[in-house]
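Subject: Structure handover

Hello,

Here is the structure I promised to pass on. Please open it first, then read my notes below.

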Amino acid sequence: MAVTKIRKISSWTLLASAVISVAVLVIFYTGGVVNPGEEMKEYAQTNLLINWVYVLFGLTVLSTFIFALWQFINLFRTNAKSALTALGVLVGFAAIMLIAYSIGDGTPLPMINSDSAEYNTETWLKVTDMWIYSIYILIAMIVLAVVAGSVKRILNK
C-alpha cells in the first residue's frame with residue numbers, strides 16, 4: 001500500500017472514531033439522570049458509554065494483533081533473524097505477564113461493598129496485580145533503555 005493510502009485510511013478511521021465518540025459523549029451527558037436530586041449522579045446512558053469503550057478497546061487489541069502478525073510474516077520473508085528477534089520480544093512480554101500474574105496476591109480484600117464483591121476473587125485480584133506489576137516492570141525497562149541509550153551516545157562521541 002502506498003503511504004498516501006495508509007494515511008487516508010488512518011485519517012478516516014481516526015475521524016470516524018472521534019465523531020462516534022463525541023456523539024456517544026453527547027448522548028451520555030444529555031441522556032438524563034436515573035436518580036435526580038441525589039448526591040451521586042447516575043447517568044441513564046452509562047451502559048452505552050461503557051460498551052463504546054469496550055468496542056474501542058477490542059478493535060485496538062484486534063488490530064494490534066493483526067498488524068503485528070502481518071509485520072512478522074512480511075519480516076520473516078525478507079529477514080528471518082529480525083523476525084525471530086521480534087518474536088522474542090513478544091515471548092518476553094508474555095513471560096513478564098506470566099511472572100507478574102504468578103507473584104500477584106489473591107487474598108480477598110476485607111470489607112468490600114456488595115457491588116465490588118463480584119470481583120473480589122483470587123483470579124481478578126491476581127489479574128489486577130499482574131497489570132500493576134507489569135506496568136512497574138515496563139517503566140523500569142523504559143528508564144533503563146533511556147539511560148543506556150544516553151550512555152552509549154556519550155561514549156560513542
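Start at V33. Leaving aside residues up to four places away in sequence, V33 touches K41, E42, Y43 and A44. V33 itself sits in a loop. That loop runs between α1 (3-30) and α2 (46-78). V33 counts as partly exposed, because its relative accessible area is 32%, which falls between the 20% and 50% cut-offs. For a sense of scale, take V33 and I96. They are 63 residues apart in sequence. In space, C-alpha to C-alpha, V33 and I96 are 43 Å apart.

A word on confidence. This is a predicted model. The chain averages a pLDDT of 89, and 99% of the residues score at least 70. Confidence is lowest in helix α3 (residues 80-103), with a mean of 89. It is highest in helix α4 (residues 122-155), at 94.

Next, the aromatic rings. How many aromatic pairs does a search of the whole structure find? It finds 6. One of them is formed by Y29 and Y43. This pair is edge-to-face. The ring centres are 5.6 Å apart, with 80° between the planes. The pair links distant parts of the chain. Y29 belongs to helix α1, while Y43 is in the loop between α1 and α2. The two are 14 residues apart.

Y43 is partly exposed, at 21%.

Another ring to look at is Y101. The charged end of K126 sits over the ring of Y101. The distance to the ring centre is 5.4 Å.

Last, the helix packing. α2 and α3 pack at an angle of about 145°. Their axes are 6 Å apart. On the α2 side, the contact residues are F72, L75, F76 and T78. They meet A80, S82, A83, L84 and L87 in α3. What kinds of residue make up this contact? There are 7 nonpolar and 2 polar residues, and no charged ones.

Best wishes

Terms used: Residues numbered from 1 in each chain as written. Predicted model: local features only at pLDDT ≥ 70, side-chain atom pairs only at ≥ 80, totals over all residues. Heavy atoms only, no water. Helix = DSSP H or I, 4+ residues; strand = E, 2+ residues; numbered from the N terminus. Buried < 20%, exposed > 50% of the residue type's maximum accessible area, 1.4 Å probe, protein only. Contact = heavy atoms within 4.5 Å. Phe/Tyr/Trp six-rings, centres within 6.5 Å; stacked < 30°, edge-to-face > 60°. Lys NZ or Arg CZ within 6 Å of the ring centre and 35° of its normal. pLDDT = per-residue confidence, 0-100. Axes fitted to C-alpha atoms, helices over the stretch in contact; angles between N-to-C directions. Nonpolar A, V, L, I, M, F, W, Y, C, P; charged D, E, K, R; others polar.
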